[in-house]
Amino acid sequence: MFQTEYIVCGICPFNDMYILLAYLVDELEEEEDTNDPNEQKRKLAKRPELRIIDSYNEEVSNDVLSLHGYSHYQANDYMFDYLPTEDMFYVVSPKDLVAAKPRDIDDHIQWLLERTRYEEALQAAQEALPWGGSKRYNVGELGQKYLSWLVEKGQFAKAAETCPKVLNSDAQLWESWVFRFVELRELQAITPYIPTKEPRLSNTVYEIVLAWFLMNDHKTLLTTIKTWPPKLYDVQNIIVAVEDALSKDKDEEILLECLAELYLHDHQVAKAIEYNLRLRRPNVFDLIRTHNMFAAVKDKAMLLMEFDEYLLKKEREKEKETKITSELEEEKEQDESKKVAIGEKEWKSEKEIEAQKEKEREAQKEREKDARRATGMPAVQLLAKNTEAILPDRVVPQLRRNRRFLHTYLDALFDEDPHLGQDFHDLQVELYAEFDYPKLQEFLRASNYYSLEKAYKICEQRELVPEMVFMLGRMGDNKRALMLIIEKLRDVKRAIEFAQEQDDNVLWDDLLMYSRDKPPFIKGLLENVGTNIDPIRVIKTVPDDLEIPGLKQSLIKILQDYNLQMSLREGCQKILVSDSVQLADRMHRNQKRGISCSDDMTCAKCQNPVFDEENAKTTILFFCRHIFHEDCFFDNNVPLIPEQLTAATMSAKVNHATFLRSARVMKCPICQEHDEKGSGLIGRKMERRLPARIASPRSPSIRSFGSTKGAPSFSGSGRMDVLDDDIPPIVPLRIDR
């Protein structure tokens, strides 16, 4: 039950809600009696309304009815009823009969269209499709109307975005709308939505789109070429059109990139690489490697090196910007604290000189760094690492017009393999001297393919004394090389190093003869000669009347060095004696240790058991674990052993072993033959008769009492390979059973 603020003239069910015929009245006055004639007149009634409410008395819909004479009617003048058979509602008044029925989807769409709400109308029609759809309106036609309305309103982006929803897979409609956008000069709006499959339009449509962008929007042309599959259009036609446009502006970068992409689509990789090189695109190197197109760039060495130069320049600019920013910050800090006292002016001047020198050193480091960086750039590495396809003989002539590029290439080639560019090493000496002097001597030492005479002339022209010294030494003219060091470099330390390298007594004599009247050289020899020459010999060459500054300190240093050497020798001698005693003691202890044996051990020669209770024999066991009967070991030619040596005491056994050693060399014949590569009689017998021996599982260690440390292992030759336990081999012992 619920209450209303109006008079209900009728009520009918409507799905899970109610439809009411409402008669609206004003609020009643508290005093109904009045003498005013105007108040006594009957008030005019309001229009009746059809209201839909839910079970909670919440109003859902409201429609006002326009009836003839409604202003003079009372609530009881109306009647409202519903006929289920006709699904119709009837409102009856004294002069009118109003029929009402529920709205359907067609009514809703019509209502939306009347108010130009096309998007909502299209959405309503699409949502109604699962339930049969509209009977009067077609979704496609509604979509066409909506698109046309959007275009008329100038909402081209919205229209293009809606096309896939409206046109679906209708290729003919797609083509017509693409042409319409072309006419409207708004093709860039619809291009992202043009289908490339399902449906696939005719080639003409795609080519028209590309041609339109070629004339109007190169950026969109490039994006479209990268996005669309090349099978949609005739690539050759587009290439011709782009080349024609490029002929009018040869530096148009976007058109060059378009051509690079088109040639790649057309499988003309060589031309695509050329355009990518001109555009300096880093992906060109991956393109060359992927398609194995090294031969395509064998005549484009200059273009490749220019590409490296471009990349290197960009890196330098980036570093320069960072450096400038850092310097500006430092200058700002210095300006804030720029208060130098008068007494500090001289110190400041020295600091500026040192700073200038530091800048020069930094500049030199930067040049060396640039040289190393240039050698590691991708293009020159491509040339250097693929010399089978890109021959150095083909590259060098192309780079001769740019000597710096030529040096970078040959340097990278030398780093890759010093033998690859051997025909150009004479040229490379000159290039190193010009562009990368710090690396020249390293090259001269590493290469054997340059002419020493030509290289010497180049260094002589440039006065590169250290390199001249090296080459004179290599040519065998050591005396002349030493004179260059002494006269040009005046570097006694380098002269001593050169004499040490050559290890020539005549050279030492020349150095002493030259230094005898030169105090700096004498002092340098005394301080740096070391053990190569006797300091007394140096001192004897000095004239008695020659004054040598700092001679006292040099002599003191020599004596101190001598004392230090003596101390080191004494210390080493003590360590050596201590180690020798420890090792001898260890060897003695190890030789006194016993050897563990087992009952299943057999003679390495006759393969019979060595511990046979019925036929007991003297056995000889070596530490390699090979064991022999005494008769087998001596080939049945056992020397006559005195009776006192056959006792079972330890001293008798030791004396017995000593006696046997005096009779012949006591070495294991199997191990001896194995060391001699198995050429003896026993080895051949063992190969025929003796399989690989395996250590007995019951046998613990051959050197310890039950321990497994140092346990032996047998090799395939039948020899026991004893693990290295730092124990030297010892003489065999006789073992009696």
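Q: What makes two aromatic rings a pair here?
A: Rings of Phe, Tyr and Trp (its six-membered ring) pair if their centres lie within 6.5 Å; planes under 30 degrees apart count as stacked, over 60 as edge-to-face, and the rest as tilted. By this rule there are 18 aromatic pairs. This is a predicted model, in which local features need pLDDT of at least 70 and side-chain atom pairs count only at pLDDT 80 or more, while totals for chains, interfaces and linings use all residues. Residues are numbered from 1 along each chain as its sequence is written, and side-chain values use heavy atoms, with hydrogens and water left out.

Q: Why is the pair of tyrosine 206 and tryptophan 228 called edge-to-face?
A: The ring centres are 5.1 Å apart and the planes stand at 80 degrees, so the pair of tyrosine 206 and tryptophan 228 is edge-to-face. Tyrosine 206 sits in helix 8 and tryptophan 228 in the loop between helix 9 and helix 10, so the pair links distant parts of the chain, 22 residues apart. Helices (H or I, at least four residues) and strands (E, at least two) are DSSP runs, numbered from the N terminus.

Q: How do you know whether tyrosine 206 is buried or exposed?
A: Buried means under 20% relative accessible area, exposed over 50%, and partly exposed in between (1.4 Å probe, protein chains only). Tyrosine 206 has a relative accessible area of 0%, so this residue is buried. Tryptophan 228, at 5%, is therefore buried as well.

Q: Which residues make up the largest nonpolar core, judged by the most contacts inside it?
A: A nonpolar core is a set of buried Ala, Val, Leu, Ile, Met, Phe, Trp, Tyr and Cys residues joined through side-chain atoms within 4.5 Å. The largest one has 60 residues, and Phe181, Leu187, Ile190 and Tyr233 have the most contacts inside it. Helix 11 (residues 253-265) gives the most to this core, with eight residues. A second, separate core has 43 residues, among them Ala433 and Leu464.

Q: Why is histidine 407 called buried?
A: Histidine 407 has 5% relative accessibility, so this residue counts as buried. Histidine 407 is found in helix 18 (residues 403-416). Leaving aside neighbours within four places in sequence, histidine 407 is in contact (heavy atoms within 4.5 Å) with Leu431, Tyr432, Phe435 and Asp436.

Q: What makes strand 5 and strand 7 edge strands?
A: Two strands pair if DSSP finds at least two bridges between them. Strand 5 (79-83) and strand 7 (97-100) each pair on one side only. They belong to an open sheet of three strands in the order 5-6-7, with antiparallel pairing. Five bridges join strand 5 to strand 6 (residues 88-92).
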